[in-house]
Amino acid sequence: MAEGHAVHGMARRLRQLVGAPVRSRSPNGQLDAGLFDERVVADAQAVGKHLLVSAVDVPLSVHLHLAMDGGVSVRRHQRVLEGDYPRTEPPVHGNVAWRLLSATHLAEVTDPAVCELLDEDGVLALRARLGPDPLRDDAEPDLARRRVQSSRRPIGALIIDQKVIAGIGNVYRAELLHRARLNPFTPGRDVDDETFEAIWQDAVDLMTIGLGAGWIVTDPRQVAAVREALVRGETVPRGPKRYAVYGRAGKPCHVCGTTVRAERMGLQRLFWCPGCQHS
Ligand SMILES: [Zn+2]
């Protein structure tokens with residue numbers, strides 16, 4: 001499943017259409033797309049793993065959640081124009097739920113789990129049921145801290161709970177807790193302020209790097225190299241992915257050599273190192 005950095009990357013790509021009038025279609029019929037047809041795209045935002053797209057003078061937003069199989073593609077095209085729009089529309093391939101065609105770009109949403117229209121109250125209700133998102137400027141980490149510290153549930157279950165922190169998935173969960181040297185079974189109420197703030201700040205830092213790089217970077221040497229490349233405005237190479245614990249059950253921890261363990265916590269397998277994360 002796309003973690004928050006990837007969804008923010010999709011929003012960033014969709015923002016290439018902001019300010020442009022678009023043809024709006026739903027080839028598979030999943031969305032009532034006519035409301036956006038011949039309208040001007042106003043914004044595309046990510047909130048955790050959700051996307052919200054709005055248009056000028058349209059009272060509803062399109063809400064997308066891509067779950068396991070969904071994707072967003074945005075590409076430039078050079079089609080013959082007739083006024084604001086290409087004279088012909090490109091053929092549809094795959095299960096396209098929403099397509100936006102501007103004079104310069106084609107955006108397609110394929111296989112989303114959710115592709116629906118939300119009114120203002122619906123958007124507020126969505127925002128209210130999500131915790132703060134480390135990649136958003138308006139995030140209030142104190143809200144997440146209070147939700148963690150008022151719970152007896154293990155921190156490994158809490159930081160992947162979208163009501164607590166929005167955007168963290170299974171890879172970031174495992175790697176953030178390992179980098180914090182925190183046992184994932186620690187009850188939320190036993191996580192002190194300093195530890196929570198360190199994890200939050202690390203999430204902000206790593207997910208910002210992940211957004212810039214386009215892949216999840218958590219290995220300390222790779223983090224440093226990718227950060228430098230991003231600061232210099234250079235293209236960041238993709239991978240190789242090197243995780244400390246994620247996906248490495250039965251293998252030695254890169255830090256201490258203890259065998260990495262995996263067990264089910266919530267819907268997914270949690271990876272952790274009993275050597276590094278004993279307290
Ligand atoms: Zn270890």
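## Charges first

Lys and Arg count as positive here and Asp and Glu as negative, while His and the chain ends are not counted. The place of a charge is taken as NZ of Lys, CZ of Arg, CG of Asp or CD of Glu. With that settled, the protein has 36 positive and 34 negative side chains, and the centres of the two sets sit 7 Å apart.

Keep in mind that this is a predicted model, where local features need pLDDT of at least 70, side-chain atom pairs count only at pLDDT 80 or more, and totals for chains, interfaces and linings use all residues. Residues are numbered from 1 along each chain as its sequence is written, and side-chain values use heavy atoms, with hydrogens and water left out.

## The overall picture

Let's zoom out. The protein contains 7 helices and 12 strands; these are DSSP runs numbered from the N terminus, with helices being H or I of at least four residues and strands being E of at least two. Its C-alpha atoms fill a box of roughly 65 × 40 × 30 Å along the principal axes. How does the radius of gyration fit a compact globule, and what is its value? A compact globule of 279 residues would come out near 19 Å, and the protein has 21 Å, which agrees. (That radius is taken over C-alpha atoms, and the globule rule is 2.2 Å times the number of residues to the power 0.38.)

Of the 279 residues, 50% count as buried. Buried means under 20% relative accessible area, exposed means over 50%, and partly exposed is in between (1.4 Å probe, protein chains only). The protein exposes about 13,300 Å², and carbon and sulfur atoms supply 48% of that; the areas come from the Shrake-Rupley method with a 1.4 Å probe, and for residues only the protein chains shown count as cover. Contact means heavy atoms within 4.5 Å. Among contacts with a separation of 6 or more, 61% join residues 24 or more positions apart.

Find helix α5, residues 170-179: 9 of its 10 residues are buried, so the helix is largely enclosed by the rest of the structure. The buried ones include Y172, R173, E175 and H178. What do they pack against? The partners are α1 (4-14), α4, α6, β11 (261-265) and β12 (268-272). Just after α5, R181 takes a positive phi of about 55°.

Now try α3 (residues 141-149), where A144, R145 and V148 are buried. They cover an arc of only 100° around the axis, which puts them on the same side of α3; the arc is that of the directions from the helix axis to the C-beta atoms. Their cover includes α4 (155-158) and α6 (193-213).

## Loops worth a click

A67 sits in the loop between β4 (61-65) and β5 (71-76). Its phi is near 50°, a positive value in a residue other than glycine, and A67 is partly exposed at 22% relative accessibility. D111, in the loop between β9 (105-110) and β10 (114-118), also has a positive phi, near 50°. D111 is partly exposed too, with a relative accessible area of 35%.

Last stop: G239, in the loop between α7 (220-231) and β11. G239 is partly exposed, at 21% relative accessible area. Leaving aside neighbours within four places in sequence, G239 is in contact with W215 and Q222. The C-alpha atoms of G239 and T195, 44 residues apart along the chain, are separated by 29 Å.
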